[in-house]
Structures are given as C-alpha cells and as structure tokens.
Amino acid sequence: MALYKNNTELFQVRRGITGFVYKFLDKIKNCFRSCGRGGKFSLFTNRGLLFCVFVLAVLCLISLAAFGLGMHFHGKLEPNILPWREMRKDIIAHDVPDRPTKKPRRQRFFPCEVAFKDSVDLLSEPKDFLNFTHFSLGYMETEKKASHIDAHEPRFGGHQTLEEREQSFFAVNQTVHCGFVRGAEGFPSTGFDLKEEDRKYMSACRVVVSSCIFGSSDFLRRPTSRLMSEYSKKNVCFVMFVDEETLSTLSKEGNAPDDGGFVGLWKLVVVKNLPYTDMRKTGKVPKFLSHRLFPSSRYSIWLDSKLRLATDPMLIIDHFLWQTGSEYAISNHYTRHCVWDEVLQNKRLNKYNHTAIDEQFSFYQSDGLTKFDPSDPNTPLPSYVPEGSFIVRAHTPMSNLFSCLWFNEVDRFTSRDQLSFAFTFLKLKRMNPDKPFHLNMFKDCERRSLVKLFHHREPYVPPPPKIS
C-alpha cells in the first residue's frame with residue numbers, strides 16, 4: 001500500500017474513492033498555496049488552473065450524489081428512475097419496521113362522596129323495615145321424582161325443568177330450586193361440604209360480610225380494621241370461604257388461621273367437594289345464596305375477593321337499604337348498560353365459550369329481554385348491566401327469591417352473571433306486577449368509595465422444561 005508524507009508523519013494512502021478525494025484536496029491546497037505566495041499569479045499555469053477547476057467540479061458532483069442536494073431540472077425523469085432522496089425514503093420505509101402504536105390509555109374511574117352517618121351509634125333500623133312482600137319460600141332438598149334422579153346424575157343445582165323454571169318466577173308460596181340439592185339415598189354429596197362446627201357458627205350470624213377464594217385465585221384482603229366500629233367487630237360475621245388449596249397457599253404466605261379459624265376479622269371456612277369444576281361458577285354459591293348458608297341472618301354484604309372493605313358494614317346497610325327503603329342494592333356497571341353490549345364484550349375478551357353465550361342470549365331474547373333505553377322514563381333501572389362485585393341485601397322473601405332465580409340462571413347457562421341479571425329482574429317484575437321488588441341500583445363511583453380495588457392474583461405459569 002502506498003504511503004505519502006504530510007507534516008512529517010507518514011499515512012497509508014487509502015485506496016478507492018476516499019484516496020482519490022484526499023489527493024484532490026491536496027491538489028486544491030497546493031493551488032491555493034501557489035496563489036497565496038506573495039499574490040504572484042505568474043505561478044498559476046494554465047494547466048494548474050484547469051486542474052483546480054476540474055477538481056472542484058468533481059467534488060461538487062460527488063457531494064450531489066452522496067447527499068442528494070436538491071436540483072431543479074427542466075426535463076422529466078424517466079418513469080422508472082427515482083431521485084436519490086425518494087430512493088432513500090423508499091429504502092427506509094421498507095427496511096425499518098413500523099413502530100408499534102401505543103395502546104389507548106385506559107379510562108380511569110374515581111370514587112365519589114357518600115353521605116354516611118357519622119357514627120354507628122346514630123343508627124337505628126326503621127320500624128317494620130322487613131315488611132316487604134310476604135310469601136312462604138321453601139327450597140328443593142332432593143329431586144321430586146325418583147325416575148328423574150335415575151335418569152341424571154345428581155347436581156348441586158338440581159335438574160330444574162323449563163316448566164319448573166317458569167313457575168319459580170311467581171312470588172307465591174312455593175318450593176324452588178336454590179342450590180344444595182342432594183341426590184337420592186346412596187348417591188354421593190353434590191358438593192359444598194362444610195364442617196359441622198362452621199355450620200353452627202354460621203347459623204348464629206345475624207349480619208354477614210362474606211367473600212370467597214377458590215383455586216388460590218386471590219390474595220387475602222383483610223377489612224380495614226381501624227375503619228370498623230367496635231359494634232361491627234363484635235356483632236358482624238366476616239366469613240371468607242376457601243378451598244383446601246387456597247388455605248394451604250394463604251398459610252404459606254403468612255395468613256394461617258388461628259385456633260378459632262380467624263385471620264384478622266375474617267373467619268376462614270373451608271369448603272370441601274366443590275360443586276363445579278368451573279371455579280367462577282363455584283364462587284356464585286356464596287355470592288347469591290347467603291340466605292341459604294346463613295339461615296338466621298337478616299342482612300348480608302357480598303364483596304369480591306379483589307376488594308378490601310374500607311367502610312363499616314352497618315353504615316353501608318343503613319345508607320343503601322334503610323335510608324332508601326330497599327331490600328336489595330347493587331351498583332351499575334361503570335361503562336356498559338345494555339346486555340347487548342355486555343354480550344359483545346364477553347365475546348371480544350373470550351370470557352366464556354361463544355356458543356354458550358349465544359345460546360343464553362338467544363333464549364333471553366325469545367323470552368322477552370329488550371334493549372336498555374336510557375331515554376325511556378319507564379325504564380325500571382338506571383342500567384341493565386350491574387357491577388356485581390358488591391351486593392347489599394336484606395333477607396326478605398323477594399330478595400331471597402331473586403337470589404335463587406339469578407343463581408339458577410348461572411347454573412343453567414354461563415357463569416357470566418352480568419348476562420342474566422337484567423333478564424331475571426325484568427321477568428320477576430313482569431310476572432308479579434302487584435308485588436314490587438325494591439332494588440336499589442346505585443352509582444359505581446359510590447361502590448368505589450366503600451372498598452379498595454386490587455387486581456386478581458396472576459395465575460401461576462410453570463417454567464418451561466430444561467432441554468438436556
């Protein structure tokens with residue numbers, strides 16, 4: 001490789017266009033050096049002048065090709081030839097992958113103020129509060145017909161016929177399917193088995209706050225003890241239903257129950273022989289059937305396991321039931337109000353088998369379910385879609401019947417209870433025009449002021465096996 005000398009240092013001469021440019025630069029430097037020596041133009045030969053002009057012209061052409069400086073041409077380019085700048089854009093567009101578009105920011109929802117009374121000491125149950133619609137409601141313990149039992153394996157929800165289902169919506173003295181249906185003698189238990197000591201404890205409860213965790217699906221959220229009155233701590237039963245798997249997980253996480261079965265305010269009640277393989281459907285048992293699990297209770301509050309109770313339960317009962325003259329209270333959904341929209345959302349997020357959702361929805365439409373019309377002054381509810389994670393109820397005949405009917409829809413169809421809420425309420429109201437059901441659907445922002453919301457526990461995904 002050739003060498004040349006500059007400022008007493010030796011450099012390797014670069015081959016190709018780079019070396020060519022360096023040589024041109026040296027020639028230019030010599031040209032201007034010759035001009036600068038005393039301003040004697042005589043040293044500038046014609047040959048040297050032409051060479052300098054040639055060098056400058058070549059450098060201009062190189063700069064144009066390398067950097068794509070804009071030029072205005074009077075003629076037209078050939079149709080298949082692109083200017084360098086356009087070619088460069090085209091190359092970048094094909095070689096550089098598109099940047100992922102940012103997901104739209106999720107809408108945020110906030111709590112709103114709820115005018116609770118200042119103290120539990122100021123509360124008093126209104127006289128004759130529980131004197132709502134009266135009728136005698138019994139519950140199916142075993143299937144009526146032996147042949148019916150023989151034809152089907154016993155189920156926790158029983159085998160309710162469509163005729164029995166239709167009759168159950170009348171608010172009259174009757175016996176209805178409402179879970180806990182036993183099989184005939186010789187058949188195994190249909191599920192949700194409890195210890196006798198836990199049954200005894202639950203049978204004495206008059207006011208209940210309940211929740212459940214099955215399949216280790218959540219962490220244990222203890223009620224905020226400092227916000228609970230001494231009256232509630234002594235007189236309200238806080239019951240958390242768990243299965244054996246969840247009990248084991250909670251114990252490993254430092255939430256092992258004491259000798260009485262308590263972790264903080266929660267009384268952990270272990271359920272054996274879960275009635276459904278779908279844990280979401282199993283969770284509907286304590287959610288809807290608190291009047292069956294706590295036969296002596298007058299009031300109950302249900303909260304999902306993703307919620308932590310941050311308000312005294314007696315203040316909640318006073319505000320949502322006593323002050324409004326209601327026997328059942330549940331909040332509306334924060335974004336959706338029509339069952340049609342809820343169906344689409346469940347399918348979009350693959351919350352359940354699409355065919356099963358379509359069958360349930362078609363059945364409801366054929367049985368009179370209509371779209372929610374917010375402009376209709378006769379619409380009985382502010383929304384047909386609830387946010388079902390928080391429910392307050394008085395254990396009246398109509399409230400208990402509605403809970404049984406809603407549970408039966410979940411048992412018959414899908415576990416997505418928001419799909420069956422409006423149908424159950426509207427059909428009960430339609431079939432009992434002279435027997436009102438006092439349901440208070442309050443704002444979701446009020447629900448958010450009662451509890452602290454958490455995310456469900458992420459399901460455990462085992463690591464991939466090592467390849468040896």
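**Cavity, pocket and salt bridges in a predicted model**

The largest cavity holds about 30 Å³ of space. Here a cavity is a set of points, on a 1 Å grid over the protein atoms alone, where a 1.4 Å probe fits but cannot get out, whereas a pocket is an open set with protein on both sides within 12 Å along at least five of seven lines; lining residues have an atom within 4 Å of a point. Grid points are joined across faces, edges and corners, and a volume is the space filled by probe spheres set on the points. The structure is a predicted model, in which local features need pLDDT of at least 70 and side-chain atom pairs count only at pLDDT 80 or more, while totals for chains, interfaces and linings use all residues. Residues are numbered from 1 along each chain as its sequence is written, and side-chain values use heavy atoms, with hydrogens and water left out.

A search of the whole structure for cavities of 30 Å³ or more finds 1. Its lining is made up of Val 339, Val 343, Ile 357, Gln 360, Phe 361, Tyr 364 and Leu 419. Two elements, H13 and helix H14 (354–366), each give two or more residues to this lining, and H14 gives the most, with 4 residues. Helices (H or I, at least four residues) and strands (E, at least two) are DSSP runs, numbered from the N terminus.

Helix H13 also carries Glu 342. With a relative accessible area of 2%, Glu 342 is buried; the term buried means under 20% relative accessible area, exposed means over 50%, and partly exposed lies in between (1.4 Å probe, protein chains only). Leaving aside residues up to four places away in sequence, Glu 342 touches Arg 336, Val 385, Gln 418 and Leu 419, where a contact means heavy atoms within 4.5 Å. Leu 419 is also one of the residues that line the largest cavity.

Elements that give two or more residues to the pocket lining include strand S5 (207–213), helix H9 (279–282), helix H10 (284–288), helix H13 (339–348) and strand S14 (451–453). The largest share, 4 residues, comes from H13.

Glu 387 also takes part in a salt bridge, meeting Arg 447 at 3.4 Å, N to O. A salt bridge is a side-chain nitrogen of Lys or Arg within 4 Å of a carboxyl oxygen of Asp or Glu. Because Glu 387 lies in strand S12 (residues 386–394) and Arg 447 in helix H17 (residues 444–450), the pair ties together parts that are 60 residues apart in sequence. Both Glu 387 and Arg 447 are buried. Elsewhere, salt bridges that share partners join Arg 165, Glu 166, Asp 367, Glu 409 and Lys 427 into one network.

The count of salt bridges comes to 20. Another of them pairs Asp 198 with Lys 267, with the closest N and O atoms 3.7 Å apart. Asp 198 belongs to helix H6 (residues 196–203) and Lys 267 to strand S8 (residues 266–270), so this pair ties together parts 69 residues apart in sequence. Asp 198 and Lys 267 are both buried. A further salt bridge joins Lys 233 to Glu 230, again with a closest N and O distance of 3.7 Å. Here both residues lie in helix H7 (residues 230–235), 3 residues apart, about one turn of the helix. Lys 233 counts as partly exposed, at 29% relative accessibility.

For the overall picture, the protein has 17 helices and 14 strands. Buried residues make up 44% of its 468 residues. Among contacts between residues at least 6 apart in sequence, 81% join residues at least 24 apart. The mean pLDDT, the predictor's confidence in each residue from 0 to 100, is 84, and 75% of the residues reach 70 or more. Over residues 1–15 the pLDDT is below 50, and this stretch has 20 contacts in the model beyond near neighbours in sequence. Residues 35–44 likewise have pLDDT below 50, with 8 contacts in the model beyond near neighbours in sequence. Where pLDDT is low, the predicted coordinates should not be read in detail.
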